[in-house]
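Subject: A structure to look at

Hi,

Here is the structure I promised to pass on. Have a look at it first, then read my notes below.

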Amino acid sequence: MKILVVEDDERISDAIAEYLSDQHYAVETAYDGQSAWELLDVFTYDLVLLDVMLPQMDGITLCRKLRTKGHETPILMLTAKDTLNNKIEGLDAGADDYLVKPFELPELSARIRALLRRGGSSTPPVLTWGELRLDPSTCEVFYHEELLPLSPKEYKLLEFFLRNGRRVFSRAQILEHLWPFEQVPEEATVKAHIRGLRQKLESAGAPHDLIETVYGLGYRLKEQPE
């Protein structure tokens, strides 16, 4: 899951980004409203954390512009202003939730999980595919009840496939969804992570092609027998 953090205080932004990265999210940051607008015009995010007081374009204006343009990405507004009118203004602008500073990072994480569930209500809390089970609340993955020791990127990659069923993704699309734009590696990196993930799944008893290659197109989850 990819999150854009829009916060002009770099200490706060860095703390949020580090915490969410540890929670297995792919995180990108912007320090002003205009930069965030340009990123959102090009890239796809699963959620936006948006500070209200921003240089160049404030968060309320950015939120309104995004909704006017048709963006449906969940937006969680962050602000030091806690009056009722401020909250109403943010929600009326199109925000999905509102968190007042200072806040605890575990509460922020819980709000994010709630918004992501709301945005995809058909997605069960525990993601399953045959004997494979991924629990987003604990970040644990099991196959035939065996816990898989996945790296953070392998976990994100597997969760990405599980949330998208049989959809095929090219290496470039996987890079766009799972790596921050300023850290995007070569496409061969995706191949290496797929190989490592397959090996760990296979060691737990999964078929080697549980993540199958669709030649010339990319990768997807192998269809499970009835």
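Let's start with a term you'll need: a residue is buried if its relative accessible area is under 20%, exposed if over 50%, and partly exposed in between (1.4 Å probe, protein chains only). Helices (H or I, at least four residues) and strands (E, at least two) are DSSP runs, numbered from the N terminus. What you have is a predicted model, where local features need pLDDT of at least 70 and side-chain atom pairs count only at pLDDT 80 or more, while totals for chains, interfaces and linings use all residues. Residues are numbered from 1 along each chain as its sequence is written, and side-chain values use heavy atoms, with hydrogens and water left out.

Now for the neighbours of β3. Two strands pair if DSSP finds at least two bridges between them. Strand β1 (residues 2–6) runs parallel to β3 and is joined to it by 4 bridges; V5, for instance, has L49 of β3 as its bridge partner. Strand β4 (residues 75–79) is also parallel to β3, again with 4 bridges, and V48 has I75 as its bridge partner there. To get from β3 to β4, the chain passes through helix α3 (residues 59–68), and this β-α-β crossover is right-handed (with the strands pointing away from the viewer, the path from the first strand over the helix to the second runs clockwise).

An unreviewed UniProt entry lists D51 for "modified residue: 4-aspartylphosphate"; UniProt positions are given in the numbering used here, feature names are shortened, and annotations may be inferred rather than shown by experiment. Leaving aside neighbours within four places in sequence, D51 is in contact (heavy atoms within 4.5 Å) with residues including D8, T79 and K101.

Next, the charged pairs. Side chains of opposite charge can pair when their charged atoms come close. A salt bridge here is a side-chain nitrogen of Lys or Arg within 4 Å of a carboxyl oxygen of Asp or Glu, and the count comes to 15. In one of them, E145 meets R133 at 3.6 Å, N to O. E145 lies in the loop between β8 (140–143) and β9 (146–147) and R133 in strand β7 (residues 132–135), so this pair ties together parts 12 residues apart in sequence. E145 is exposed at 62% relative accessible area, whereas R133 is partly exposed at 26%.

Another salt bridge joins R166 and E212 (2.8 Å, N to O). R166 is in the loop between α6 (152–162) and α7 (171–178) and E212 in strand β10 (residues 211–214), so the pair links parts 46 residues apart in sequence. Salt bridges with shared partners connect R166, E212, R220 and E223 into one network.

Happy browsing!
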